Amino acid sequence: SPTSKTSATTSPSSSCSTASTRPCRGRFPEEVRTAPPSGGAPLSVENVDMSQQINKPKHYTTAYDTQSLVVRRGHEFMVRVTFNRELVQQDDFQLEFLIGSNPSANKGSLVVVTFGSRRGGPWAGRIVEMQGGSVLLSVTPSATAIVGKYRTYVAISVGSGMQRTKRNAATDLYMLFNAWCPQDPVFLPDESERMEYVLNDTGVIYQGSMGAIVTRSWGYGQFEYGILDACIYILDSSRMPIYNRGNIIKVVRKGSAMINSQDDNGVLVGNWSNDYSMGVAPTAWTGSVTILQQYANTGVPVCYAQCWVYAGVFCTFLRCLGIPTRVITNFSSAHDNTGNLKTDLIFKMDGTPDRRATRDSIWNYHCWNECWMVRPDLPAGYGGWQVVDSTPQETSDGHFRCGPAPVAAIKEGNLCHPFDCGFVFAEVNSDVVFLKKDRYGTMEVFKVDKTHVGQGLFTKALGSDQYMNVTHTYKHPEGSEADSRTMTRAEEYGCDRDHSDIPDGELSADITSEPVTHLSAICSCLATFHSYQPTYQPTYQPTYLPSYLPSYLPTYLPTYLPTYLPIDLPTYLPSYLPSYLPPYRPSYLPTYLPTYLPTYLPTYLPTFQPTYLPTYLPTYLPTYLPTYLPTFLPTFLPTYLPTYLPSYLPTYLPTYLPIYLPTYLSTYLPTYLPTYLPTFLPTYLCSGVLALRRRYFP
């Protein structure tokens, strides 16, 4: 009979008595069969079609790579049910949507949708059309429905019980948050922002430093195969109760804790040690898909991550569930361990950093996320963008997580509101306090920098890879009256600032006077005062250069050289060249010179040679020429001399030849002439002599 096709009843729990036809909470009664109504066959279900072709475009879920229907809560979707015959007046049926292992109507995890005058659950239903036994049904979930994967059943009233369809994975559906629904707490009014912060599956994350921002492309991949299931698996692994998964605040806080593995076996293992031999270096990741798929398949935290990886994966998690999200980069970001507005950097008596005693830190940049939501738990005005951070820094309610913290509250210093506003406020507003420790362990403040932290906050602009400055949403202009009020208000909420009296530095004076010829002449005196403030010396280059140069030079040199060379070379070359050139030149010059010489020589040589060559050539030529000339001359001279000789010889030869030739020719000619003259002289002398001749003998 037609009834036998779909008449089996699903019963998640066998402990419920089968003798009673009254439904039990969270359970289903056994199938009840009664005689068909007079004059017709009993009503049964032949097919259930989730109408994906109709629903997915309307719910902006076409891109999800899954066989099941994906819808957003608060918006109508269609289900076509085919019965064995046309419906009559006395027929009574309902759709049932179940989520979790123990669904319950009073917890919102068992939802009944009716299509007549009979009262149903919180989701609305109506019959759109009927064609014979085929019925098109409309279902509108509530805007606060539980987010996750539902099982769908059709139940037909038979006698005093309900006859339900069998479990069919093809009728499962995923329910997401809905940024298009005004009643949903994540509603985002602007369509272009919804396209960017919900539907864009690629983006860029900003790194570097203020004034020299570099980009890192990142593939969020929230629509890729298995990612939606992976995000639900993360919530399942956290043992988050099903009935809490419709609450945006609780979902975000749980996700913030689960993206890191610090205390709950979450997705990513952090590593800032520069030893990545047991996993993948954070710099090697280019997107979230591989990370989430690996975690979902193995259940083992993935190695390794740093702040931008945490932010990228967390952005994927939130966007996949339908929550508008973006990645924020804070340049010069403070990490304060003591819950105040002071980032203490401790130095030894000789001015070098005391790393063992220093607990606070400042990162050249730090990445976190912002997600958009209404905050019904807070006063009006604190909805909108909320800071959430999955990088494990400090605990919040016992777990390594951060947020959601309203950006509006951070800007105004209203740090009494949940969650973690004080910590985020310190990340963008902390004072950097420099302390010097004497031999007795007593520390004295010798400098306070109130503007270094939070120099700029940036995110990806709408519809482009350009950055958008959002600093003004976090803080008022430094030194303004509004900024002073914000800092005062933050102190009132318990965030201490530094009010130390900075001791004056040592002061000396040089006094000179012009000679006088007679007693009545006016004597002119000049007093020059010199102030000295203790500071710390750079001590990191010998440790970090061998590790970071191979990774960062190709990325940062094109960006930083044009900006910093004219400023820093006059200051640092005299100090660092004698120390650092001998160890690093043999390793890096063969790699980087072929790449950077063609770009930088034409720009920098005319500027720096007149200044630095007279100073450094007498010192470095005797040391480096015997070592580097045999290696680099055969490689670089054929490439660069034809380009640079005509330009530089007329300028530099008249100046440097009289000085350097008498000294160096007698040393190097016997060694290098037999090797290089046969190769280079015929080619370059012609070019160089012609250039000199045109210049000096017109």
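Residues are numbered from 1 along each chain as its sequence is written, and side-chain values use heavy atoms, with hydrogens and water left out. Since the model is predicted, local features need pLDDT of at least 70 and side-chain atom pairs count only at pLDDT 80 or more, whereas totals for chains, interfaces and linings use all residues.

A search of the whole structure finds 20 aromatic pairs; rings of Phe, Tyr and Trp (its six-membered ring) pair if their centres lie within 6.5 Å, and planes under 30 degrees apart count as stacked, over 60 as edge-to-face and the rest as tilted. The ring centres of Trp-272 and Trp-363 are 6.4 Å apart and their planes stand at 25 degrees, so this pair is stacked. Trp-272 belongs to the loop between β13 (268–270) and α6 (289–298), while Trp-363 belongs to strand β17 (residues 361–373); the pair thus links distant parts of the chain, 91 residues apart. Helices (H or I, at least four residues) and strands (E, at least two) are DSSP runs, numbered from the N terminus. With a relative accessible area of 45%, Trp-272 is partly exposed (buried means under 20%, exposed over 50%, partly exposed in between, with a 1.4 Å probe and protein chains only). One aromatic cluster is formed by Phe-77, Phe-97, Trp-123 and Tyr-150.

Two arginines lie over ring faces: Arg-253 over Phe-419, at 4.1 Å from the ring centre, and Arg-326 over Trp-385, at 4.0 Å from the ring centre. A charge sits over a ring if NZ of Lys or CZ of Arg is within 6 Å of the ring centre and within 35 degrees of the ring normal.

An open sheet of 4 strands has the order β1-β3-β7-β6, with antiparallel pairing; two strands pair if DSSP finds at least two bridges between them. β1 (45–49) and β6 (124–131) are the edge strands, each with a single partner, so one side of each lacks a neighbour in the sheet. Between β6 and strand β7 (residues 134–140), the antiparallel pairing extends over 7 bridges, and Arg-126 stands opposite Ser-138 in β7.

Leaving aside neighbours within four places in sequence, Ser-390 is in contact (heavy atoms within 4.5 Å) with residues including Ser-256, Ile-259, Asn-260 and Tyr-310.
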